[in-house]
Amino acid sequence: MNRTTPLILAVALFMENMDSTVIATSLPAIATDIGTSPIALKLALTAYLVSLAIFIPISAWMADRFGAKLVFRVAIGVFMLGSIACAISGSLGEFVLARFLQGMGGSMMTPVARLVLVRTTEKSGLVAAMATLTIPALVGPLIGPPVGGFITTFFAWHWIFLINIPIGAIGIWLSGRFLPEIPPEATRPIDVPGFFLSAIAASGVVFGLSVVSLPALPPIIGAVTIVIGLAAGLLYVRHARTAPYPLLELKLFSNPVFRTAIFGGSLFRVGVGASPFLLPLLFQLGFGLSPFQSGMITFATAAGALSMKFVAPRILRTVGFRTVLVIASVVSAGLMAANALFTPQTPYLVILAVLFLAGFLRSLFFTSSNALVFADIEAAQSGQATAISAVAQQTSVALGVAVGGGALEIWSLGTGQAIGGAGFTFAFLTVGMIALLPAFMYARMAPDAGKAISGHRLSQNTADEPQQL
């Protein structure tokens with residue numbers, strides 16, 4: 001495997017992931033400076049997610065029409081422009097629009113990076129390539145909170161966006177210098193009605209779920225937009241069945257491996273996607289810890305995820321996709337439920353160990369599930385598979401946060417008690433049960449499913465031959 005390509009592509013993922021975690025740390029300072037509240041400023045986070053939901057579906061068409069390498073470099077440039085716009089924003093409206101512009105760049109960066117990787121890597125090396133791709137991306141959440149806190153405290157919040165400029169410039173130069181040329185392909189006409197329907201569907205659901213879970217607006221607005229989004233989604237399904245060139249090719253779901261990878265991965269993300277939202281609340285509201293103390297504990301999850309990337313290819317080659325995904329789902333669900341047992345008296349070493357192992361297994365699941373998406377599809381379908389996978393990921397993560405917040409609210413309303421220890425117990429048990437569901441789906445796969453990528457059957461048939469990552 002050519003390790004240069006995934007590492008260059010990872011520059012964009014690193015920049016995007018660090019940007020998201022830095023902003024969360026600096027929201028109060030930004031809100032004070034531009035004359036708004038932190039709750040209202042969360043609309044900027046929602047604007048970014050909505051932009052992703054709107055433009056991700058056309059990322060595959062753009063890559064085919066203009067060339068994946070060119071689109072990737074332009075996407076970094078758009079993200080940099082959005083970062084500059086964020087830094088010079090002086091009002092809530094300006095900041096929301098700047099984040100939307102950033103989202104336009106981000107909507108192309110990650111899906112197109114994954115598409116470049118798929119098209120330039122043999123299937124046998126795809127797991128290792130994806131693991132390499134996400135290693136620098138995981139560093140972003142590790143260093144984002146302390147970097148954001150340091151810059152905001154000792155300099156000014158504007159610099160948390162301006163640091164994207166040198167990083168992005170390096171990414172544009174490296175990708176132009178070292179990425180292989182991927183020429184444009186013959187493209188079918190863009191599905192304009194499908195674009196609008198998918199944009200309304202995805203953005204409506206993501207916006208609605210974000211409003212419900214981040215109450216910057218009245219919840220009824222979130223509920224109405226969710227209904228509109230679901231209605232548009234049903235209309236898109238009907239449209240895609242008859243359109244000659246649908247924007248998102250739903251026929252891919254007839255492939256059982258692809259279908260299981262998308263639906264199983266989405267369900268798992270709904271379950272574990274609530275964890276980054278619930279854990280800081282538990283430690284700060286339930287245990288009375290400071291944001292810094294809370295961050296130093298939840299850091300263990302990212303550390304566990306990072307350590308897994310070095311062993312994922314060997315694990316998959318040894319036992320295969322089905323075994324890995326079933327075990328990772330079951331144990332991850334159990335560890336999620338174990339969070340419900342945490343109390344202020346629980347030794348920190350125990351909490352750190354649980355979170356480290358949870359991060360390890362969660363990352364193993366995601367690496368495996370993301371690679372399985374491409375296991376049984378033709379090379380010409382990789383663009384469509386990338387777009388569908390990216391849309392499913394964004395929607396399921398937003399749903400995960402909404403489910404976690406909704407579980408806390410349901411407990412509070414049902415018991416008449418303020419959000420506290422028992423409410424978190426209910427929430428963690430709820431999301432743990434959801435994270436368990438994909439195990440039943442993956443258990444029905446063939447034992448050698450995805451063997452072209454994992455090399456599982458190959459390793460069994462050639463046990464005496466040396467193996468290479």
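Analyst: Ala261, Ile262, Gly265, Ser266, Arg269, Ser369, Asn370, Val373, Ser389, Ala392 and Gln393 line the largest cavity. A cavity is a set of points, on a 1 Å grid over the protein atoms alone, where a 1.4 Å probe fits but cannot get out, and lining residues have an atom within 4 Å of a point. The model is predicted: local features need pLDDT of at least 70, side-chain atom pairs count only at pLDDT 80 or more, and totals for chains, interfaces and linings use all residues. Residues are numbered from 1 along each chain as its sequence is written, and side-chain values use heavy atoms, leaving out hydrogens and water.

User: What volume does the largest cavity have?
Analyst: About 60 Å³, the volume being the space filled by probe spheres set on grid points joined across faces, edges and corners.

User: Which helix gives the most to its lining?
Analyst: α11 does, with five residues. At least two residues each come from α11 (256-272), α15 (348-372) and α16 (382-415); helices are DSSP runs of H or I, at least four residues, numbered from the N terminus.

User: Now, what about the second largest pocket: how is it lined?
Analyst: Its lining has 25 residues, with Gly233, Phe253, Val391, Ala392 and Thr395 nearest the centre. Two or more residues come from each of α9 (192-213), α10 (219-242), α11 and α16. A pocket is an open set with protein on both sides within 12 Å along at least five of seven lines.

User: And its volume?
Analyst: The second largest pocket has a volume of about 760 Å³.
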